[in-house]
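Hi there,

Here is the structure I promised to pass on. Have a look at it first, and my notes on what turned up follow below.

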Amino acid sequence: MNMAKQPQQAVVTGGGSGIGLAIAQRLASEGHAVTVLGRDIDKLRQAVSDIQGGKMEVCDVTDKASVKIAFGQIGPVSILVNNAGIVSTAPFHKTAPETWQQTMDVNVMGAVHCMQEALPAMKEANRGRIVNIASTAALKGYAYVSAYVASKHAVLGLTRSLALELAKTGITVNAVCPGYTRTGIMEQSIKTVAGKTGRSAGEAEAEFARANPQGRLIEPDEVAAAVSWLVSDEAASITGQAIAVAGGEVM
Ligand code: NDP
C-alpha cells in the first residue's frame with residue numbers, strides 16, 4: 001500500500017472556501033480525486049473550477065440524512081478531511097443556547113456524521129486517513145468564543161478516542177490545529193472585533209497576529225501542507241495527534 005503515490009478518493013467538507021479550498025487544491029494537485037462538500041452551491045461551483053478534476057456535493061453536514069446521501073453519491077472514500085466549521089463571538093453570558101447548539105452541530109456532529117459514513121469502506125479496505133481541522137482553540141482557551149473553543153476541544157477528544165479505537169487498522173485519525181488563518185471566517189472575526197471595540201480593521205488584524213509569536217496570520221496553504229503529510233503513506237504511525245500550525249502559539 002502506498003497512499004502517497006496511489007490516487008485516493010478524498011472528501012473535504014467546507015471545501016468551497018478558505019482552508020478547505022486550499023486543502024482540496026493541494027490534494028488534487030497530488031493526484032487525489034477530490035470532492036468538496038458544502039451548503040452553498042455557487043461557492044462550490046466556483047471552487048470546483050479551481051480544483052483539478054474536482055467534484056462537489058451540496059450537503060449540510062449537520063443533517064445526517066443529507067450526509068448519507070452525499071457519501072452514497074461519492075462512493076468509498078479513503079481520505080476524509082472534516083474542515084466545515086463555524087464561529088461566533090460573544091461574551092459567555094450573551095451566548096444563546098441556539099448558538100451553542102449550532103456550533104456543536106456543525107463543528108462536532110458534522111464531523112461525527114461524515115466519519116460514520118466514511119468509516120465502513122475504510123474498515124473494509126483496512127486503509128484510510130481522517131484529518132479533523134480543529135484549531136489552537138482545541139488546545140487552549142480564548143475569551144469571548146466559549147462555544148467555539150468547547151466544540152474544538154470536543155473535536156480533539158473525538159480524534160484521540162477514535163484513533164485508539166482504530167489503532168489496529170490501517171486507518172489514522174489526526175487533528176490539525178491552525179492558529180489565526182487568513183480566510184473568510186477570520187475576516188468576519190476581524191470585523192466583529194473592530195465593530196465591538198471601535199478599532200480599525202487593521203488594528204484588529206494586528207491584535208490577532210500578535211497571538212502568533214511569528215507575528216503574522218497563518219496562510220491556508222500552510223494548513224494544507226500539514227494535511228498533505230498526514231494523509232501520506234509516510235504518516236502511517238501518526239495517529240491521535242494534534243498538529244499545531246500556529247507559529248509557536250502553543251507548545
Ligand atoms: P470558511 O468560512 O472559509 O470555511 C468554512 C467552510 O465550512 C465553508 O466553506 C462553509 O461552506 C462550510 N460549512 C459551514 N457550515 C457548514 C455546514 N453546516 N455544512 C457544510 N459545510 C459547512 O472558514 P475557514 O476556512 O477559516 O475555516 C475552515 C475550518 O478551519 C473551520 O473548521 C475553522 O474552525 C477552522 N479554523 C480556522 C481558523 C482561522 O483562523 N480561519 C483557525 C483555526 C481553525 P458553506 O457556507 O458552503 O456551507
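**Helix packing and the ligand site**

Helix α6 (residues 184–197) and helix α7 (residues 201–210) cross at roughly 115 degrees, and their axes come within 9 Å. Angles of 65 to 115 degrees count as roughly perpendicular, so α6 and α7 are roughly perpendicular to each other. Their crossing is right-handed. On the α6 side, the contact is made by Met186, Ser189, Ile190, Val193 and Ala194, while α7 brings in Ala201, Ala204, Glu205 and Phe208. Sorted by class, this contact of α6 with α7 has 7 nonpolar, 1 polar and 1 charged residues. Please keep in mind that this is a predicted model.

Next, the pair α4 and α5. Helix α4 (residues 97–125) packs against helix α5 (residues 146–165) at an angle of about 20 degrees, and the axes are 8 Å apart. That angle makes α4 roughly parallel to α5. Here, too, the crossing is right-handed. From α4, the residues Trp100, Thr103, Met104, Asn107, Val108, Val112, Met115 and Leu119 take part. They meet Ser146, Ala147, Tyr148, Ala150, Ser151, Lys152, Ala154, Val155, Leu158 and Leu162 of α5. The contact of α4 with α5 divides into 13 nonpolar, 4 polar and 1 charged residues.

Helix α4 also has a contact with α3. The axes of helix α3 (residues 64–74) and α4 cross at roughly 35 degrees and come within 9 Å. The crossing of α3 past α4 is right-handed. Lys64, Val67, Lys68 and Phe71 of α3 meet His113, Cys114, Gln116, Glu117 and Ala118 of α4. By class, the α3 and α4 contact holds 4 nonpolar, 2 polar and 3 charged residues.

Which of the 29 residues around the ligand come nearest? They are Arg39, Asn83, Tyr148, Thr181 and Thr183. For arginine 39, a polar side-chain atom lies 2.6 Å from an oxygen atom of the ligand. In tyrosine 148, an N or O atom of the side chain is 2.6 Å from a ligand oxygen atom. Tyr148 is also one of the α5 residues that meet α4. Glycine 85 takes part through its backbone, where a polar atom is 3.5 Å from an oxygen atom of the ligand.

Best wishes

Definitions and conventions. Residues are numbered from 1 along each chain as its sequence is written. This is a predicted model: local features need pLDDT of at least 70, side-chain atom pairs count only at pLDDT 80 or more; totals for chains, interfaces and linings use all residues. Side-chain values use heavy atoms; hydrogens and water are left out. Axes are lines fitted to C-alpha atoms, for helices over the stretch in contact, and angles run from 0 to 180 degrees between N-to-C directions. Helices (H or I, at least four residues) and strands (E, at least two) are DSSP runs, numbered from the N terminus. Angles under 35 degrees count as roughly parallel, over 145 as roughly antiparallel, 65 to 115 as roughly perpendicular and the rest as oblique. A crossing is left-handed if the near helix is turned anticlockwise from the far one by less than a right angle, and right-handed if clockwise. Contact means heavy atoms within 4.5 Å. Ala, Val, Leu, Ile, Met, Phe, Trp, Tyr, Cys and Pro count as nonpolar, Asp, Glu, Lys and Arg as charged, and the others, Gly among them, as polar. A residue is near a molecule or strand if one of its heavy atoms lies within 4 Å of it. A polar contact is a pair of N or O atoms within 3.5 Å; within protein, one must be able to donate a hydrogen and the other to accept it, and residues adjacent in sequence count only if both atoms are side-chain atoms.
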